[in-house]
Amino acid sequence: MSTAMDDPDVLAEKKDINENMLGGKKVKIIFVLGGPGSGKGTQCSNIVEHFGFIHLSAGELLRAEINSGSENGTMIDTIIKEGKIVPSEITIKLLQEAIIKGGNDKYIIDGFPRNEENRAVFESVQLQTLVTYFQLLQINISPEFVLFFDCSEEEMERRLLGRNQGRSDDNIETIRKRFKVFVESSLPVIEYYESKGMVKKIDATKPAPEVFEDVKAIFAHMA
């Protein structure tokens with residue numbers, strides 16, 4: 001069901017007021033999506049190095065919370081091991097805190113939004129951060145565009161089984177559950193943004209250096 005938040009004019013208006021405390025600069029948010037093993041993490045690191053973005057990984061923020069030993073982290077760990085998606089409220093809260101602490105005007109958010117609920121909740125949220133001791137600025141967030149790393153399941157599976165990061169979710173059964181979740185939950189998000197002309201698709205089956213050449217062509221004007 002569509003809402004006022006989905007209206008193109010509303011999204012455009014929200015983008016116009018994405019400003020932060022850094023001299024009134026516009027806050028640029030890029031969503032980075034791709035299946036598990038598509039190589040988006042590697043390319044996010046390249047984007048940070050070459051174009052000055054801060055990289056926020058929804059997955060890394062969740063794993064940091066798990067490693068904290070908190071009750072919240074234990075719950076997140078159970079959800080991930082079952083191959084399910086963490087509730088939007090939890091992930092968004094972690095992203096909010098990271099953006100506020102970052103103090104930058106350019107962010108790539110890796111692995112989020114993972115479903116339509118994530119997207120709708122994130123686009124409606126207002127981040128509040130102190131501009132001066134006397135003024136409070138509310139930042140409405142919507143992405144500049146969505147960078148989608150398109151890769152076949154066969155290639156992603158090969159990469160995941162070949163890596164050794166000690167992750168409990170890098171086994172064949174959980175990997176295939178993650179593929180299923182991505183297709184059922186994340187592809188509708190990509191289709192939503194694609195319908196608005198906001199998706200930039202990258203062929204991620206190629207070697208990483210070749211993939212980054214395609215990425216550089218997209219980000220060249222943001223250096």
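## Gly 37 and its surroundings

Gly 37 touches Met 156, Arg 159 and Leu 160, leaving aside residues up to four places away in sequence, where contact means heavy atoms within 4.5 Å. The model is predicted, so local features need pLDDT of at least 70 and side-chain atom pairs count only at pLDDT 80 or more, while totals for chains, interfaces and linings use all residues. Residues are numbered from 1 along each chain as its sequence is written, and side-chain values use heavy atoms, with hydrogens and water left out.

Gly 37 is found in the loop between β1 (28–34) and α2 (40–51); helices (H or I, at least four residues) and strands (E, at least two) are DSSP runs, numbered from the N terminus. Gly 37 has a relative accessible area of 17% and is therefore buried, since buried means under 20%, exposed over 50% and partly exposed in between (1.4 Å probe, protein chains only).

## Annotated positions

According to the unreviewed UniProt entry, the annotation "binding site" covers several residues, including Gly 37, Lys 40, Arg 163 and Lys 206; such annotations may be inferred rather than shown by experiment. Arg 163 lies in the loop between α7 (153–162) and α8 (172–195), and counts as partly exposed at 27% relative accessibility.

## Salt bridges

The structure holds eleven salt bridges, each a side-chain nitrogen of Lys or Arg within 4 Å of a carboxyl oxygen of Asp or Glu. One of them joins the side chains of Lys 40 and Asp 110 (2.8 Å, N to O), linking helix α2 to strand β3 (residues 106–110) across 70 residues; Lys 40 and Asp 110 are both buried.
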